[in-house]
Amino acid sequence: MSDFFSTLLDEFPQVRSGLWVTVQATVLGSLLALLLSFALGLAAGSRLLLVRGVSRTVVEFFRGTSLYIQLFWLYYAMPQLTGYELTPILCGVVAFGLNYGAYGSEVVRGAINSVPRAQYEAAVALNMTPFHRMRKVILPQAWVQMIPSFTNLLIQLLKCTPLLWLLSAADLMTVIQTIRDRTGESLTAYLTLLAVYFVLAYALTLLMNLLERTAKRRLGLHTGGKSLLKTRSAEPAPTAGGAR
Amino acid sequence: MATDSAPLKEPADRAPVTGTTGVEPLVRFDKVVKRYGDHVVLDELDFTVRRGEHVTLIGPSGSGKTTILRLLMTLEKVSDGVIWVDGSPLSHVRGPDGSLRPAGEKQLRESRKKIGMVFQQFNLFPNMRVLQNITEAPVNVLGMDRELAEGRARELLDLVGLSGKTDAHPSQLSGGQQQRVAIARALAMEPEILLLDEVTSALDPELVAGVLELLGDIARTTDITMLCVTHEMNFARDVSEKVLMFDAGRVVESGTPEKIFTDPEHERTREFLNAVL
């Protein structure tokens, strides 16, 4: 056991850069996913059949195919097809982004649909343009509802990053694996990995809870002091419109 | 059960025949039909509203009163017929051959400029504070200067008796207060026509009188044309000059409040008034 930790300390620069790769893949992957969630989710509500169709197809494809195979395809097959070679991290970012963007688009679509129709009607009665209605009335209310689901997806995305090991990206998983191979201490190595990913995931949860609290406060909803430490929001989603 | 009687109308309610009236009514429903599938909500409805008039629509639930307001606000599309507002078709455009076609979003936005609406459930935007609820559309739709819009919003809040609530969230207000803000929000767009859709139905009884009083003030002090769907017969009596009694998508009877409430001609009107008064 002490073997493992002394190697870990000796190799600290590697471990640190491995952690950095994991964080990078998570942050960049989720930013791409967020972007795609909104693009695909808004497209799903378009009046144009073509736009809806494209969104649907992309979502179904990336939801319905394996993330492993997408990673392999991006890393090993795409260079043969196009001549472009992406770095392992970039492959991860693209695959994670597309996958979780597909899931996230359903979250966006659902949240937009859950904003009471009365809000849309009030915006029409004030003669707002469709874009103005979406940006100033519908999305700010839908956003609050998206956050808990986005938190789940974000943590799932983080937990997918060890797949980068398959592409020999020097992420945290890969670095710890190397140390395990060298010391033979599987138990400690994997326990350490479990703990590190848990800590990372919990940090993300806290961050997202903070975000949710700010978003709710903007709607004038009460936020209890304890809500920051909860792993997911338990109260029913806030709805706007009437004061029933 | 008035089965075979044709809807009664005042002469003024007929679609104007050319030459007989000099002034085009502000709102004219011309054989307006609204269907949901097989269900006919409005059946070749004709009626007019003059500029500055305060009209109350009464009648049993499902008689199509709210649908009329929703059609005027372009929240629904007519199935047939044409609604004219100030001489122009509300939700139609004239094609090159002179025929009327359903209007697109651009023309609808042009039509909506004249019309404002207050809803039963207030429908304030919960993501905006009270002041922004009122200034959002004047600033971003009318292009009004923000400071000017805020100044006017404060005046309107003063008018509705909520000058201290500019920075409150809608969720911190009572129903009556929310409805007052919603009225201020609609007035901020300076509509020529204000549609009031059962604006007191969702309020606690003790809050109703204040909102009605406010609307009465607005009716007396402005020249805004009002169409009001309400179950408050007192309001209909005190504020409006004309009451339209609806049943099954048709105007059964129309006239001054005194006439309708004291001497209704139609059996259906008598039944309805007996039930609600």
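Which residue stands opposite B:Val32 in β2(B)? Select B:Val32 and look across to β2(B): the residue there is B:Leu45.

This is a predicted model, in which local features need pLDDT of at least 70 and side-chain atom pairs count only at pLDDT 80 or more, while totals for chains, interfaces and linings use all residues. Residues are numbered from 1 along each chain as its sequence is written, and chains are lettered from A and ligands numbered from 1 in the order in which they are written.

**Stop 1**

Strands here are DSSP runs of E of at least two residues, and helices are runs of H or I of at least four, both numbered from the N terminus. Two strands pair if DSSP finds at least two bridges between them. Now select B:Gly37, which has a positive phi near 65° in the hairpin of these strands, where 2 residues lie between them.

Strand β4 (residues 80-85) of chain B is joined to β5(B) by 2 bridges, and B:Trp84 has B:Pro89 opposite it in β5(B).

Contact means that the C-beta atoms of two residues, placed from the backbone, lie within 7 Å.

**Stop 1: the six-stranded sheet of chain B**

Keep α1 (residues 65-72) of chain B selected: this helix also lies across β3, β8, β9 (193-197), β10 (225-229) and β11 of chain B, at about 140° to β10(B). Those strands belong to an open, mixed sheet of 6 strands in the order β8-β9-β10-β3-β11-β12. Strands β8 (115-118) and β12 (250-255) of chain B each have a single partner strand, so one side of each is left without a neighbour in the sheet. On average, neighbouring strands of the sheet are turned by 20° against each other, direction ignored.

Pick out β3 (residues 54-58) and β11 (residues 242-247) of chain B, a parallel pair with 4 bridges. B:Thr56 has B:Val243 as its bridge partner in β11(B).

**Stop 2: the nonpolar core**

Which residues of the largest nonpolar core touch the most other members? Select B:Leu57, B:Leu72, B:Met117, B:Ala184, B:Leu195, B:Leu196 and B:Leu227, out of 130 residues in that core. A nonpolar core is a set of buried Ala, Val, Leu, Ile, Met, Phe, Trp, Tyr and Cys residues joined through C-beta atoms within 7 Å. A residue is buried if 20 or more other C-beta atoms lie within 10 Å of its own, exposed if 12 or fewer, and partly exposed in between, with C-beta atoms placed from the backbone.

Centre on B:Ala184: beyond its neighbours within four places in sequence, its contacts are B:Ile134, B:Leu156, B:Leu157 and B:Val160.

**Stop 3: where the chains touch**

Show both chains: 27 residues of chain B and 23 residues of chain A make the contact. On the chain B side, α2 (105-112), β8, α3 (130-140) and α5 (175-188) each supply at least two residues.

**Stop 4: chain A**

Chain A has 9 helices and 0 strands. Its C-alpha atoms fill a box of roughly 70 × 50 × 25 Å along the principal axes, and 36% of its 244 residues count as buried.

Select residues 20-45 and then 187-211 of chain A, listed as "transmembrane region" in an unreviewed UniProt entry. UniProt positions are given in the numbering used here, feature names are shortened, and annotations may be inferred rather than shown by experiment. Residues 20-45 are 92% helix, with end C-alpha atoms 37 Å apart; residues 187-211 are 100% helix, with end C-alpha atoms 36 Å apart.

**Stop 5: two positive phi values**

Go to A:Asn127 in the loop between α6 (117-125) and α7 of chain A. A:Asn127 is not a glycine, yet has a positive phi of about 65°. With 23 C-beta neighbours inside 10 Å, A:Asn127 counts as buried.

Finish at B:Phe122, in the loop between β8 and α3 of chain B. Its phi is positive too, near 65°, and B:Phe122 counts as buried, with 27 C-beta neighbours inside 10 Å.

How values were computed:
Axes fitted to C-alpha atoms, helices over the stretch in contact; angles between N-to-C directions.
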